Amino acid sequence: MKAPIKGFSKLSREAKIEWMVNEIFDGDKNVVGLLDSYLHSDEKVQKLHNEFIENTISNYFLPLGVAPNFLINEKLYTLPMAIEESSVVAAAAKAAQFWLKRGGFKATVIGTEKIGHVHFMYHGDSLKLHEFFNDNKDHLLASTNDITANMQARGGGITGIYLVDKTEELDQYFQLDVRFQTCDSMGANFINSCLERLAESLTSLIQSDNRFSEDEKKVQIVMRILSNYTPNCLVRAEVSCPISELAEEEGVSPQEFAEKFYRAVRIAEIEPYRATTHNKGIFNGIDAVVIATGNDFRAVEAAGHRHASIDGQYRSLTHCSIDNGIFKFWIEIPLSVGVVGGLTALHPMVKFAHKLLGNPNASELMGIIAASGLAQNFAALRALVTSGIQKGHMKMHLLNILNQLEATEEEKAYFVNYFKDKVVSHSAVVRHFCELRGIPYESMVKPK
Ligand code: HMG
């Protein structure tokens with residue numbers, strides 16, 4: 001890139017692309033063709049995409065897969081999963097099928113409370129501020145009435161407001177800690193609007209209150225923002241069965257499988273290196289459904305990882321027990337998701353995903369997403385404690401390797417059959433591909 005640009009956002013899409021072609025791609029016009037080829041053929045749909053974000057130049061596709069046979073609270077679902085990684089959808093589907101015959105997933109929503117804060121600095125007598133807060137709590141809440149009226153009519157709204165003294169951690173730092181119920185929405189915009197109003201009211205009420213000195217009246221609002229950590233917007237999903245009903249896996253007996261599986265979870269509970277990978281596998285399932293249903297996977301991940309380190313050490317989000325011959329495996333995770341608002345009414349594929357799930361409400365969706373994380377983790381651990389992960393994962397990755405090699409459809413069919421009883425590895429595929437085509441292996445592995 002030669003020089004920075006001012007006013008880029010004001011350029012048309014074509015001018016933005018032209019600038020990039022000239023400044024970054026040495027005038028390569030193929031870039032235009034590539035970006036154009038990913039535009040939607042329906043102009044109305046493309047316009048929606050253009051307006052979802054800023055500086056849109058094209059679309060970025062992710063595959064949408066489906067995982068059938070998820071029995072959750074006695075209801076059968078087919079899960080939409082938007083993800084780029086091979087074997088995730090297959091693993092979810094396989095785990096769902098396994099638990100379908102063993103009672104399915106039990107999901108329980110423990111709470112749906114959301115949180116936001118007004119972070120402010122107050123230099124003065126803390127007792128006075130507490131007295132002021134107790135006297136003015138109702139005024140503060142009433143000042144949000146026009147924003148909360150519709151949410152209240154749906155059964156939600158602000159459910160609590162607290163003054164928190166944080167001065168021991170940071171000089172002059174106080175919070176208004178505000179609790180919300182946002183019904184079927186994730187509620188970010190609603191919460192932030194309430195917080196901005198509360199901050200305004202807090203400032204003006206303090207400034208007109210004679211108990212404060214002129215100095216104390218100089219309250220500084222630092223931020224008003226929701227927290228993506230929602231410890232009371234929590235869901236639990238669980239599977240269980242007698243150990244004797246666990247299938248024999250790769251020559252491993254049900255008893256040995258249960259014990260190894262239990263130990264694998266215990267290791268992830270106490271070992272942060274393992275917990276990180278373990279939880280990554282859980283988010284393979286969670287993110288895929290969160291993205292497909294138009295929810296905010298960054299928010300869900302941030303909350304999940306915070307929850308995983310609640311006692312100061314990063315730990316597994318899933319847990320396992322073996323009691324009286326019963327194998328139990330569960331996840332407890334904060335999941336703040338919505339079925340209205342955001343992209344849900346706009347993105348055609350998001351609408352499809354909700355329909356596929358039978359248009360669940362937000363609580364039902366929490367259970368579905370938790371089950372997808374648990375299923376994913378079950379499949380990964382099952383592979384890890386028996387055959388190893390590469391066997392199944394690379395079997396699913398085979399087509400990606402063949403596509404990289406630009407194999408024909410006939411060659412792909414041959415390779416799928418050839419590797420049916422062999423463990424796929426990148427080098428094994430490339431070697432055999434070279435043998436078949438009669439080309440030297442070295443020519444394929446030399447850096448370009
Ligand atoms: P398999 O036993 O070879 O599969 O398992 P199968 O061919 O016998 O088919 C059994 C069922 O699996 C199918 O039933 C499907 O449900 C599903 P059917 O539909 O035939 O009635 N299935 C598929 N679904 C769709 N398309 C397919 C397909 N193949 C099977 N092509 C499998 C193969 C990959 C499922 C198994 O080995 C597995 O579950 N492995 C785990 C894979 C995994 O966890 N992948 C995630 C990526 S690795 C990672 O990032 C996370 C990790 O590091 C996390 C951690 O360490 O904890 C592992």
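**Aromatic rings and charges over them**

Arg-298 lies over the face of Phe-297, 4.6 Å from the ring centre. A charge sits over a ring here if NZ of Lys or CZ of Arg is within 6 Å of the ring centre and within 35 degrees of the ring normal. Tyr-229 also has a charge over its ring: the charged end of Arg-306, at 4.8 Å from the centre.

The model is predicted, so local features need pLDDT of at least 70 and side-chain atom pairs count only at pLDDT 80 or more, while totals for chains, interfaces and linings use all residues. Residues are numbered from 1 along each chain as its sequence is written, and side-chain values use heavy atoms, with hydrogens and water left out.

Next come the rings paired with one another. A pair of aromatic rings is described by the distance of the centres and the angle of the planes. Rings of Phe, Tyr and Trp (its six-membered ring) pair if their centres lie within 6.5 Å; planes under 30 degrees apart are stacked, over 60 edge-to-face, and the rest tilted. This rule gives 23 aromatic pairs.

One of these is Tyr-122 with Phe-212: the ring centres are 5.9 Å apart and the planes stand at 75 degrees, so the pair is edge-to-face. Tyr-122 is in the loop between β4 (113-121) and α5 (126-142), and Phe-212 is in the loop between α7 (188-207) and β7 (220-227), so the pair ties together parts 90 residues apart in sequence. Helices (H or I, at least four residues) and strands (E, at least two) are DSSP runs, numbered from the N terminus. Tyr-122 and Phe-212 are both buried, meaning under 20% relative accessible area, with exposed over 50% and partly exposed in between (1.4 Å probe, protein chains only).

Helix α7 also contributes to a pair, through Phe-190, whose partner Phe-180 belongs to strand β6 (residues 173-181). Phe-180 and Phe-190 are edge-to-face, with 6.0 Å from centre to centre and 80 degrees between the planes. The two residues are 10 apart, and the pair links distant parts of the chain. Phe-180 counts as buried because its relative accessibility is 0%. Phe-190 has a relative accessibility of 12% and therefore counts as buried.

Phe-98 and Trp-99 belong to one cluster with Phe-257, Phe-261, Phe-327, Phe-329 and Phe-378.
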